[in-house]
Amino acid sequence: MLRTAAVLCWVLAAGFGLLDVVAIAHTAGGGGVWTFFGYPTYGRGPFEDAGLPTTVPLLAGFLLVAVAEAVVGVLLWRRRRSGVVGALLLLPFELAYWIGFALPAGPVLGVVRTVLVLRAARAGVGPAAPRA
């Protein structure tokens, strides 16, 4: 379960993080909200509806969350309790960005990852027992 959760972390980190790097460069260059296959990547969602425009600092914050997600993935892969704690602590920040930027895949994958992490925590987290 933890390894599947780790892979989901990496999918989220790579998917959102790599596009975010391009979005940061585009926004910093004065291009406004970058579009990918005709869809706005990080803009025209609830953040903007609430008066919070897409800016480089906002995108940089999301990139920081994506980097943290990748680190949590490593910790989960190694079956560390800190990965479980990290995944749970990171979730509210991820949700804020996913909802604020209207990114529908984020919450779905995040919920699946969280369920896997909670089930693993309930079963006991730690290094796998040595095999005979």
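Select Phe-37 to begin: this residue lies in the loop between strand 1 (35-36) and strand 2. Helices (H or I, at least four residues) and strands (E, at least two) are DSSP runs, numbered from the N terminus. The model is predicted, so local features need pLDDT of at least 70 and side-chain atom pairs count only at pLDDT 80 or more, while totals for chains, interfaces and linings use all residues. Residues are numbered from 1 along each chain as its sequence is written, and side-chain values use heavy atoms, with hydrogens and water left out.

**Two residues with positive phi**

Remain at Phe-37. Its relative accessible area is 70%, and therefore Phe-37 is exposed. The phi angle of Phe-37 is near 55 degrees, a positive value in a residue other than glycine. Most residues other than glycine have a negative phi.

Next, select Ala-102, in the loop between helix 4 (81-100) and helix 5. Its phi is also near 55 degrees, again a positive value in a residue other than glycine. Ala-102 counts as partly exposed because its relative accessibility is 43%.

**A buried loop residue**

Select Thr-41, which belongs to the loop between strand 2 (39-40) and helix 2 (46-49). Is Thr-41 buried or exposed? Its relative accessibility is 7%, and so Thr-41 counts as buried. Now display the backbone oxygen of Trp-34: this atom lies 2.8 Å from a polar atom of the side chain of Thr-41. Residues in contact have heavy atoms within 4.5 Å. Leaving out residues up to four places away in sequence, Thr-41 touches Ala-23, Val-33, Trp-34, Thr-35, Phe-36 and Leu-103.

**Helix 1 against helix 5**

Colour helix 1 (residues 2-28) and helix 5 (residues 105-123). Two packed helices are described by the angle between their axes and the distance between the axes. Here the angle is about 155 degrees, and the axes are 9 Å apart. Axes are lines fitted to C-alpha atoms, for helices over the stretch in contact, and angles run from 0 to 180 degrees between N-to-C directions. Helix 1 and helix 5 are therefore roughly antiparallel to each other. Angles under 35 degrees count as roughly parallel, over 145 as roughly antiparallel, 65 to 115 as roughly perpendicular and the rest as oblique.

The crossing of helix 1 with helix 5 is left-handed. A crossing has this hand if the near helix is turned anticlockwise from the far one by less than a right angle, and is right-handed if clockwise. Residues making the contact include Leu-8, Leu-12 and Phe-16 of helix 1, and Leu-109, Arg-113 and Leu-116 of helix 5. By class, this contact of helix 1 with helix 5 has twelve nonpolar, three polar and one charged residues. Ala, Val, Leu, Ile, Met, Phe, Trp, Tyr, Cys and Pro count as nonpolar, Asp, Glu, Lys and Arg as charged, and the others, Gly among them, as polar.

Within helix 1, select Leu-12. Leu-12 counts as buried because its relative accessibility is 3%. Which residues does Leu-12 touch, not counting residues up to four places away in sequence? They are Gly-17, Glu-69, Trp-98, Gly-106, Leu-109, Gly-110 and Arg-113. Then draw a distance from Leu-12 to Leu-90: their C-alpha atoms are separated by 12 Å, and the two residues are 78 residues apart along the chain.

**Helix 4 and its two partners**

Move to Arg-80, in the loop between helix 3 (56-77) and helix 4. Its relative accessibility is 39%, and so Arg-80 counts as partly exposed. The C-alpha atoms of Arg-80 and Gly-30 are separated by 42 Å, and these residues are 50 residues apart along the chain.

Show helix 3 together with helix 4: their axes come within 9 Å and cross at roughly 155 degrees. That makes helix 3 roughly antiparallel to helix 4. Among the residues of the contact are Phe-62, Val-65 and Glu-69 of helix 3, with Leu-90, Phe-93 and Trp-98 of helix 4. The contact of helix 3 with helix 4 has 13 nonpolar, four polar and two charged residues.

Finally, show helix 4 with helix 5, which pack at an angle of about 165 degrees with their axes 10 Å apart. Helix 4 and helix 5 are therefore roughly antiparallel to each other. Their crossing is left-handed. The contact includes Leu-91 and Trp-98 of helix 4, and Pro-107 and Val-117 of helix 5.

Notes. Buried < 20%, exposed > 50% of the residue type's maximum accessible area, 1.4 Å probe, protein only. Polar contact = N/O pair within 3.5 Å; in protein donor to acceptor, adjacent residues only side chain to side chain.
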